[in-house]
Amino acid sequence: MRENIMNHTTETAIVKRALRAAGIPVLRVKHGTGTACEWLKVYLPSNTAREVERRAYTIAQTVTGRHGEHDGRINVFTQD
């Protein structure tokens, strides 16, 4: 699936930095737990436009090198 797998701490920091550099307001970025530990979760404010959500996903996929099954195991959520 991914050729260059990085540890969770590094991956989280890289994604946060890239999203903030793109001007996307990030609440938090984290990984799942248990059997979902490889999933990357990006949380954005609830008033985020759909286009910005898509851009956040694309940026996260680009900087991590994730692709393939289940969209590279990346989820983008909005919340208050």
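Student: In β3, which residue is the bridge partner of L40?
Tutor: Quick ground rules: this is a predicted model, so local features need pLDDT of at least 70, side-chain atom pairs count only at pLDDT 80 or more, and totals for chains, interfaces and linings use all residues. Residues are numbered from 1 along each chain as its sequence is written, and side-chain values use heavy atoms, with hydrogens and water left out. Strands are DSSP runs of E (at least two residues) and helices are runs of H or I (at least four), numbered from the N terminus. Across in β3, L40 has as its bridge partner I74.

Student: How many bridges join β2 to β3?
Tutor: Strands of a sheet pair through backbone hydrogen bonds, either parallel or antiparallel. To count as paired, two strands need at least two DSSP bridges between them. β2 and β3 run parallel, and the bridges joining them number six.

Student: Which are the edge strands of the sheet?
Tutor: The sheet is open, with three strands in the order β1-β2-β3 and mixed pairing. An edge strand here pairs on one side only, which picks out β1 (28-31) and β3.

Student: At what angle does helix α1 run to β1?
Tutor: Axes are lines fitted to C-alpha atoms (for helices, over the stretch in contact), and angles run from 0 to 180 degrees between N-to-C directions. Helix α1 (residues 8-21) lies across β1 and β2, and its angle to β1 is about 155°.

Student: Are the rings of Y43 and F77 stacked, edge-to-face or tilted?
Tutor: Rings of Phe, Tyr and Trp (its six-membered ring) pair if their centres lie within 6.5 Å; planes under 30 degrees apart are stacked, over 60 edge-to-face, the rest tilted. That rule gives one aromatic pair. The ring centres of Y43 and F77 are 5.2 Å apart and their planes are at 25°, so the pair is stacked.

Student: How many residues apart are Y43 and F77?
Tutor: The pair links distant parts of the chain. Y43 is in strand β2 (residues 40-45) and F77 in strand β3 (residues 74-79), which puts them apart by 34 residues.

Student: Does Y43 count as buried or exposed?
Tutor: Buried means under 20% relative accessible area, exposed over 50%, and partly exposed in between (1.4 Å probe, protein chains only). F77 is at 33%, so it counts as partly exposed. Y43 is at 10%, so it counts as buried.

Notes: Contact = heavy atoms within 4.5 Å.
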